[in-house]
Amino acid sequence: MTTDHPPATPPSGGRAGTVGAEDKRKIVERTTDLCAEIYGERAHANTVALIDEVADGGWGFGGNVLTTAMLNGDA
């Protein structure tokens, strides 16, 4: 497999645009490998991995909107 991807962007709390191309490649590869480990080799050709980055404050849990500052204990 080639690795012609730009260097990964350091993570900064999971906000949209903070996961670099190299890290996305790793997520897709490892997710696919895990599915193949569980379901068998046939899963390699049939596994779909979707990386959906969410804007800061664009999600919530338990009725609360979450932000990076809140998750990092800064709020």
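This is a predicted model: local features need pLDDT of at least 70, side-chain atom pairs count only at pLDDT 80 or more; totals for chains, interfaces and linings use all residues.
Local features need pLDDT of at least 70 and side-chain atom pairs count only at pLDDT 80 or more, whereas totals for chains, interfaces and linings use all residues. Residues are numbered from 1 along each chain as its sequence is written, and side-chain values use heavy atoms, with hydrogens and water left out.

The protein has two helices and two strands, arranged α-β-β-α from the N terminus on; helices (H or I, at least four residues) and strands (E, at least two) are DSSP runs, numbered from the N terminus. Of its 75 residues, 12% are buried, that is, under 20% relative accessible area, with exposed meaning over 50% and partly exposed in between (1.4 Å probe, protein chains only).

Helix H1 takes in residues 21–39. Glu22, Arg25, Thr32 and Ala36 are the buried residues of H1. They sit on the same side of H1, because they cover an arc of only 100 degrees around the axis, taken from the directions from the helix axis to the C-beta atoms. On the other side of H1, Arg30, Glu37, Ile38 and Tyr39 are exposed. Gly40 follows H1 and has a positive phi, near 105 degrees.

Ile27 also belongs to H1 and is partly exposed, with a relative accessible area of 39%.
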